[in-house]
Amino acid sequence: MKNRKWAQLPVLQVLRESLAFPVLRVLSVVPVLPWMLAACTQPAPPPAPESDGAPESRPNLLLIVADDLGYTDIGAYGGEIRTPVLDDLASQSVMFTNFHVLPMCAPTRAMLLAGTDHHVAGLGTMFGSNFLPGLEGHTGYETYLHERVASLPERLAEVGYRSYMAGKWHLGPDPGQWPVDWGFDRSFVMLPGSGSHMAIPERVYVENDEWVEPTQEGFYSTRTYTDRLIGYIDEFHGDGQPFFVYAAYTSPHWPLQVPPDFIDLYAGDYDDGYDELRVARMERAEALGVIPETDPDYFEPLGPAWEELNSETQAHYARRMELYAAMVENLDHHVGRLIDHLENIGELDNTVILFMSDNGAATEQMEYNPGFSARIERENSDNSLENLGAADSYISYGANWAQAATAPFNRFKGFITEGGMLVPAYILHGNGTNPTGLDGQYLSAIDIAPTLLELAGATIGSTSVQGREVAAITGRSFARVLGADAAPVYPQDHVFAIELHGSRAVRQGRYKLVWEQPAVNTWWPFEVPERWYSWQLFDLQSDPGERNDISAEHPELMRELIDAWEDYADANQVVREVRINQFERWQVLPENYPNR
């Protein structure tokens, strides 16, 4: 092999000793799946009232969300990308190996801020009738965060917290739907789900309640978001109030665009291709205990093998992965700036940090996507090999690299299989008092709000917030993992059910029931699986890649889980029989497709 830098690395350089920790006590309680185991000029908001139930010393709360980060991208989960800051935080954390989100970003973000099912929060879909006809006007499908729920900042304000946010909002584009309307004291956000990392277009960003003027000067998304968060923290530092920081980074979401000082950091590192990378990551992740013991041949990737690509196509796709890795390292660098600042102002020891990705690794190739390709052409994007990663390029890295980040789990972003929903996530207290190790119990984004509220000393069960009646939080707090309480958050036989864009799933212990449909807004140049549009049952303990349908062997369990999903759908007003409009548009192989 001509270049195997990442394949030859030790299991982890940065965490070689610190991640060789014993399995956390939770795994002995939940043995079902042991492997799973710049200052602002706005007037200062008035101090929030104190709660009688709030503890005397309440921690600051820092929620860091990476956008489309794959399960094995960072070193702590088996990746070769240099992420020393995130890895160091992981070594001091309770690391989750069974943490689930929804398979697309906006519904996940609604769920984590509301602590309810995403339909209750208004994000039963993130697409309009041009993609998914028949959903307009249905309760739960408003496509913006709905006033039926209270946001985490609104609830935290009632116990004296200030809240700051920078990054992706994606929960409502119109005035009245912005972060400032949901309890954030300071915010600098991109309203839609994606955009340039190197420019602020007109009417795309807002700061607090005002539009941000368009600019290309001095802007890079990850750096600018971090600058804003540091400025917001400093603006009120010393006022005696704890704070909640929502660092909603847009990296490494496409388009792959990298600042000049990072753009060539991984030149040549991925010349051996995605098949070699996938195997190397699986080996390291298995050694770390974050995936099960799995024969690399067990995983069946979609798409052509690397060796089947011609040299020109290989060069193009290797460069895409170089850029993706550089964006992840850049993200790590700026998270480090934020952590260092908290330490420098004396707040890190009193800060709880929760890190996660919002969905599985992304496969969308936007240049072939019928919804984006015309826009890319209209904006004269230059996707030549020499220009990839620049401000005027617009590309993603494709299904094969995404599968290197999700293997041995099936599929990727947009799909209700494990590859679309299982994400890296961990929690720690900055003072170092929490246990460290792997935690394999099933948790999800719905549990984030109640966890942070418990840590803040707030009332989780309240249905009256900021003077209005709201839906009750239905997630459960996992704050106990930071202390001595070894009890699982959910019992082993608890049933978890979800739906998004027509796809459905039910999880109970080792078993998962799946109704798979094509992902929305995802180009699919592959054969259509026979398993789509029907129920299938999988044993994740023996079959983590969801390959072998065992429904015929367990008809009674199958019926029970289907009934459980129907009960969930009724309770959350889920629309049945959702189908993508003209799916055949997403299967067209363009004339300019590489290696055609």
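Me: Which helix and strands each supply at least two residues of the lining of the second largest cavity?

Reply: In this predicted model, helix H10 (418–421), strand E15 (495–500) and strand E16 (503–508) each supply at least two residues of that lining, where helices (H or I, at least four residues) and strands (E, at least two) are DSSP runs, numbered from the N terminus. Residues are numbered from 1 along each chain as its sequence is written, local features need pLDDT of at least 70, side-chain atom pairs count only at pLDDT 80 or more, and totals for chains, interfaces and linings use all residues. Side-chain values use heavy atoms, with hydrogens and water left out.

Me: What makes a space a cavity, and what makes it a pocket?

Reply: On a 1 Å grid over the protein atoms alone, a cavity is a set of points where a 1.4 Å probe fits but cannot get out, whereas a pocket is an open set with protein on both sides within 12 Å along at least five of seven lines, and lining residues have an atom within 4 Å of a point. The second largest cavity has a volume of about 70 Å³, and the residues that line it include His100, Tyr442 and Lys512. The largest pocket holds about 840 Å³ of space, and of the 41 residues that line it, Pro192, Ser194, Gly195, Phe372 and Arg375 are the closest to its centre.

Me: Why is Arg319 called buried?

Reply: Arg319 has a relative accessible area of 13%, and buried means under 20% (exposed is over 50%, partly exposed in between, with a 1.4 Å probe and protein chains only), so Arg319 counts as buried. Arg319 lies in helix H7 (residues 311–344), and, leaving aside its neighbours within four places in sequence, Arg319 is in contact (heavy atoms within 4.5 Å) with Ile263, Asp264, Leu385 and Leu388.

Me: How do you know that helix H11 is largely enclosed by the rest of the structure?

Reply: Eight of the nine residues of H11 (residues 448–456) are buried, which is why the helix is described as largely enclosed. Among the buried residues are Ile448, Pro450 and Leu455, and H11 is followed by Gly457, whose phi is positive, near 80 degrees.

Me: What makes strands E4 and E8 a pair?

Reply: Two strands pair if DSSP finds at least two bridges between them, and six bridges join E4 (residues 162–168) to E8 (residues 243–248), so the two strands meet that definition. They run parallel, and Ser163 stands opposite Phe244 in E8. E4 also pairs with strand E5 (residues 186–190) in the parallel sense over five bridges, where Val189 is the bridge partner of Gly167.

How values were computed:
Points joined across faces, edges and corners; volume = space filled by probe spheres on them.
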